[in-house]
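Trainee: Could you show me how to read the strands and the surface of a model, beginning with the overall order of its elements?

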Amino acid sequence: MAARALHASLIALLLAGAHVPVASAIGCRGDIAATTRVGTGEFCVLGFCLYKAELWSARPRFSPDAPFALVLNYERSVSAEKMVATGISEIERLATQPLPSATVQAWRNDMKRAFGDVSRGDELCGVYLPGRGARFYANGVATAQVDDEAFARAFFGIWLDPRTRAPSLRERLLGGGS
C-alpha cells in the first residue's frame, strides 16, 4: 500500500513537470495520478507482432487534453533509425497541411534523442503533458523531454488519430474491441 502511494506521488510529480530522477516505468504503467489503464492491443503486420501497447490516462476516461501515457512493449528488434523514419513518415501523412522542413528536422532530432534501438522485451513509453509536450522513457529511464505541444499531439496521433494506419489498435487502446 505504501509503495502504491509512493508510485502515485512520483507520477503526480512527473505529470506536473517536475524532474524525477528515478527509473520511471512506474510512471508509465502504474497509477498515473491514480488512474486506470484505458486499453491494450497489439500492433501486428502480416501475422508478425511488433509490440504490445497500453494506454493509461490521468482521468477515469481517456481525454486527449489530459495527461496520458502510451507504453510499447517490443516483441521484435527495431533500429532507432527505422522507428524515427517511420514516425516522421506517419506524422507527415497525418498532418492537415505540409509541415515546414525545419519543423520536420527538429522533430526528427527530438525523436532521435528519445529512441534508441530496441530488442525483444524492451519498453518504450511516452507521456503526454498537456500544454507542454512529451517526456519519453526507455526501459524506465528518461531519455528525452520535448517541450513542443504540436510535436506531442502529432506524435501521439500516430496511434490515436482516427486516420491511423492501425485503426483496430486505436480502438482497443481507447477501450473498445474485445
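Mentor: Read along the sequence, the protein chain follows the pattern α-α-β-β-β-α-α-β-β-β-α-α, with helices (H or I, at least four residues) and strands (E, at least two) taken as DSSP runs numbered from the N terminus. This is a predicted model, in which local features need pLDDT of at least 70 and side-chain atom pairs count only at pLDDT 80 or more, while totals for chains, interfaces and linings use all residues. Residues are numbered from 1 along each chain as its sequence is written, and side-chain values use heavy atoms, with hydrogens and water left out.

Trainee: Is strand β3 mostly covered or uncovered?

Mentor: Buried means under 20% relative accessible area, exposed over 50%, and partly exposed in between, using a 1.4 Å probe and protein chains only. By that rule, 6 of the 7 residues in β3 (residues 68–74) are buried, and buried residues make up 43% of the 178 residues in the protein chain.

Trainee: Why does V45 count as partly exposed?

Mentor: V45, which lies in strand β1 (residues 37–45), counts as partly exposed because its relative accessibility is 44%.
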